[in-house]
Amino acid sequence: MSASADMERARRLVRGAGRVVALTGAGISAESGVPTFRDAGGLWRNFRPEELATPQAFARDPRTAWEWYDWRRSVLAGCAPNPGHRALARFFLGRGAAGLVTQNVDGLHTRAALEAAAGRAGPESGQAEAAAGPAEAARAALPVELHGAVGRDRCNRCEARFPAEPLGDALPRCDSCGGLRRPDVVLFGESLEGDVLARAYSLAERADLCLVVGTSAVVYPAAAIPLATLEAGGSLIEVNLEDTPLTRSATVALRGAAGEVLPALLD
């Protein structure tokens, strides 16, 4: 089947779907210039990420671990949502059924959702919509973040969440209990939060179409999310630059960059 025929078939699946869930991975953010931080070029002060992004590193040398995450935040601050992020944000803001799940911690889906919601607001919007805060207005397009977000802090003691702040001379402390903060991400050796994973599976099980974008589909338990839609009788569209282990299960596989394929598919 030709690429144009595959695209038309995928569009029909999207148009006919009552509930859509999307799962995104590193591939979509690579188009925004987000590095993986895990290849040979990702060394920082001769440390590998696996040495710093662990609970043990924060317990042993929290200053060095925090300095690495502060550097990561500075790198991500120079990245912006690309047309793929924006197409998904517009799509879910318009539909509001099922939702978006991401393996990424860069916060670009959240930024795209907030930008899209702000773009929809205007003189023609209702009073209730105008009175809602940015996050509430963007709620339908905000992602379930399986691995957390680098742009938030979490207290190691009471698990309260806070917006990220620049690292100063003193290590960041919890405003509520005084405990040491850490980035709100799943560190190496930690399990995904049960309620977050359950929410993602629930979205997938209730969807009749799963859109998988820019993920190798080999890291579990996230890789099982598309299978939940298939097992419930739904369809699967894969968007990737190359084949993955999930390709053979896809109803349609679209080859290309997410920033090019998703606007053509969803807008």
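What percentage of the 267 residues of the protein chain count as buried?

1. Of the 267 residues, 49% count as buried, where buried means under 20% relative accessible area, exposed means over 50%, and partly exposed lies in between, with a 1.4 Å probe and protein chains only. This is a predicted model, in which local features need pLDDT of at least 70 and side-chain atom pairs count only at pLDDT 80 or more, while totals for chains, interfaces and linings use all residues. Residues are numbered from 1 along each chain as its sequence is written, and side-chain values use heavy atoms, with hydrogens and water left out.

2. Along the principal axes, the C-alpha atoms fill a box of roughly 55 × 50 × 30 Å.

3. The protein chain has 12 helices and 9 strands, these being DSSP runs numbered from the N terminus (helices H or I of at least four residues, strands E of at least two). Among contacts between residues at least 6 apart in sequence, 70% join residues at least 24 apart, a contact meaning heavy atoms within 4.5 Å.

4. Thr102 lies in strand E2, residues 98-102, and counts as buried because its relative accessibility is 2%. Its side chain makes a polar contact of 2.8 Å with the side chain of Thr24; a polar contact is a pair of N or O atoms within 3.5 Å, and within protein one must be able to donate a hydrogen and the other to accept it, with residues adjacent in sequence counting only if both atoms are side-chain atoms. Beyond its neighbours within four places in sequence, Thr102 touches residues including Thr24, His109, Pro143 and His147.

5. Val105 sits in the loop between E2 and helix H7 (108-120) and, at 17% relative accessibility, counts as buried. Leaving aside neighbours within four places in sequence, its contacts include Arg72, His147 and Val185, and its C-alpha atom is separated by 9.1 Å from that of Val186, which is 81 residues away along the chain.

6. Two backbone details deserve a look. The peptide bond from Tyr220 to Pro221 is cis, with omega near 15°, and Pro221 is in the loop between strand E7 (209-213) and helix H11 (225-231). Glu159, a residue other than glycine, has a positive phi near 65°, and its place is the loop between strands E4 (148-155) and E5 (161-163).
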